[in-house]
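Work through these exercises with the model open beside you. Try each task before you read its solution.

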Amino acid sequence: MRTVRIFTPLRRRASEPPHIVMSSQVSVSIGSALFVSALAIGLGGCSVIFSPELPESTDDQDAGGRTCTTSADCATEGETFVCGASNTCVNVLNATCTSIAGQPSLQNPDTIVFGSLLPTEGDNAIIGVPIQNAQDLAVTEVNASGGTTRGDIAVVNCDSGGDTDQSLDVIDHLVNTVGVPAILGPAFSGVVSGTWRTTTGAGVMTISPSATSADITGLLDDDLVWRTAASDAFQSGAIADLVRCRRTAEPSITKIVGLGKNDTYGRGLLNSIRDALGPELGQDNFADTFYDNPAEVALPDYEGAITAVLSSVSPDSDPANPEAIPDIAIILGTTEVAEVLQRFEARVRTIDLTGTSTVRYIMADGGRLDAVRDLIVADPTLEGRIEGTEPDHENGATFETFRGRYGAAFDGDEPGIFAQNSYDSVYLLALAVSALDSTTSITGSAIATAMDRLVSSGLPATPGDYSSSRNTLSLGGEINYEGASGPLDFDDNGEAGTDVVRWRYVPRQGSYEAIQEGSYPIDEMGTGTWSMVPGTTTCN
């Protein structure tokens, strides 16, 4: 009788239960109090093998206690146990690490286990889940193509909570219990800033798909902190120049305010924009402030920040003075920006003598969210008044191929922002492992060193060329990887720059969708210029 194994990719919202995700195998919810054996169901001469349900995590589940040399020694402990960092059998799953993408049998001694640290629960899941979906898709594709030259890969998916403290607990589990050599993530710049000393101190490589703060560039990280997302050093300049373009096209635009989340991401962007615009606009026409980071403050005072910034540009320091209403409000944050924008818009309408608002809003990549789109759906007067910037991480035909695969795997969904960066991160790790010779231990430092052979002047390579690229690397050759997110020409800081594009929402089928238009090419000096609408002084 022929046996069929089915892979169902992870597709989950924050409200859904966690899953085990294993390539060539069905996703099954975790949560049963019993550990049941795999169930084979006969279907007309074929059988479908379901992954067993796992017990809920408890404090003593991490360690099986059995001494081991390889993960094969842990087979009797359960299918989610491996030979961990201390040569004892340990459970890779716990309360925050709730799914596994990749090789069905972790007990195969050749399986390479990585970790993943993304916000997949709560408010930040809207960012983290699509990124994890793309990551899991890449793991499946790599293993379907024969894995690495050292074995198939598995990724332990963990929820960072978007929070440094929780992330440090996860890192402790992944590094000191499981013993992973590399971690995919963290997603947020603030979490990178709060955890990099711990990971680098342990010799673990991290590769973030979405941490964009310019502060990350200068970390003394022993070449262990990498990212496939471009630095905000490019994006802050693009936002400042976008404001200048709007003012050139409409000289009546004079008053600008900025609100940034009080974290590494928001501070980095807003500080750079202030340095660029503040001196030329003057204190009467430019003011900025930071609002509470909801990851750190249980009840963030967004209203207080709005009052403060309006008071600063009011001629009499009265935030209720109609003359305090700005022409442009720059809002820089992530999942909370929709609420900040909504509150700002409501405040303006209470101040304006006609009870309306014409304020334009500019955001960065963190503002391109469904929640922002939903504001326009609820209030169409916002249409045309919201725009933003983001790194240009849609690399032509390679991105479109990824987009099609993502949609096929996840019920036609569009990949979220930075999903393709996560997809590329998996391929980069797999290729770097394949570049190691058979006698080299798979460590974070070894993987990071091998990355140089992926971005050389070697053979052009895309995710679709994975098998041939792996073989080239295993024979001592080099490749030039160009992913779905871009060329990924990493510099000495483990960073890959890219151009910046503008996004806005346009009507589509009774709702709105974000589109990219216009470009801000970055030159070799790290500066750029917005493309212009032909025959006008308007930025495209």
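**Exercise 1: A hairpin and its neighbour**

Strands S7 and S8 make a hairpin, with four residues between the two strands. In its turn, Asn87 has a positive phi of about 60 degrees. The model is a predicted one.

Task: Find out how S7 and S8 pair, and over how many bridges. Then decide whether Gly65 is buried or exposed.

Solution. 
- Step 1. Locate the strands: S7 covers residues 81-83 and S8 covers residues 88-91.
- Step 2. Compare their directions. They pair in the antiparallel sense, over three bridges.
- Step 3. Look across the pair. Cys83 stands opposite Cys89 in S8.
- Step 4. Now go to Gly65, which is found in strand S6 (residues 63-67). Gly65 and Cys89 are 24 residues apart along the chain, yet their C-alpha atoms are separated by 5.8 Å.
- Step 5. Leave out residues up to four places away in sequence. Gly65 then touches Thr88 and Cys89.
- Step 6. Apply the cut-off: exposed means over 50% relative accessible area. Gly65 has 53%, so Gly65 is exposed.

**Exercise 2: A covered strand**

Task: Which strands pair with S11, one antiparallel and one parallel? How many residues of S11 are buried?

Solution. 
- Step 1. S11 spans residues 153-159, and seven of its seven residues are buried.
- Step 2. Recall the rule. In a regular strand, side chains alternate between the two faces of the sheet.
- Step 3. Check the strand itself. Ile153, Val155, Asn157 and Asp159 point one way from S11. Ala154, Val156 and Cys158 point the other way.
- Step 4. Find the antiparallel partner. S9 (residues 97-102) pairs with S11 over five bridges. Ala101 has Val155 as its bridge partner in S11.
- Step 5. Find the parallel partner. Seven bridges join S10 (residues 112-118) to S11. Val113 has Ala154 as its bridge partner in S11.

**Exercise 3: A helix and its ends**

Task: What span is expected for H2, and what span does it reach? Which residue caps its N-terminal end?

Solution. 
- Step 1. H2 runs over residues 164-178 and has 15 residues.
- Step 2. At 1.5 Å a residue, 21 Å is expected. From first C-alpha to last, H2 reaches 20 Å, close to that value.
- Step 3. Inspect the N-terminal end. Asp163 caps it, with a side-chain oxygen 3.1 Å from the backbone nitrogen of Asp165.
- Step 4. Step past the other end. Just after H2, Gly179 takes a positive phi of about 85 degrees.
- Step 5. List buried residues of H2. They include Val170, Ile171, Leu174 and Val178.
- Step 6. Recall the helix rule. Residues three or four places apart point the same way, because an α-helix has 3.6 residues a turn.

Conventions
Residues are numbered from 1 along each chain as its sequence is written. This is a predicted model: local features need pLDDT of at least 70, side-chain atom pairs count only at pLDDT 80 or more; totals for chains, interfaces and linings use all residues. Side-chain values use heavy atoms; hydrogens and water are left out. The expected span of a helix is 1.5 Å times one less than its number of residues. Buried means under 20% relative accessible area, exposed over 50%, partly exposed in between (1.4 Å probe, protein chains only). A polar contact is a pair of N or O atoms within 3.5 Å; within protein, one must be able to donate a hydrogen and the other to accept it, and residues adjacent in sequence count only if both atoms are side-chain atoms. Contact means heavy atoms within 4.5 Å. Two strands pair if DSSP finds at least two bridges between them.
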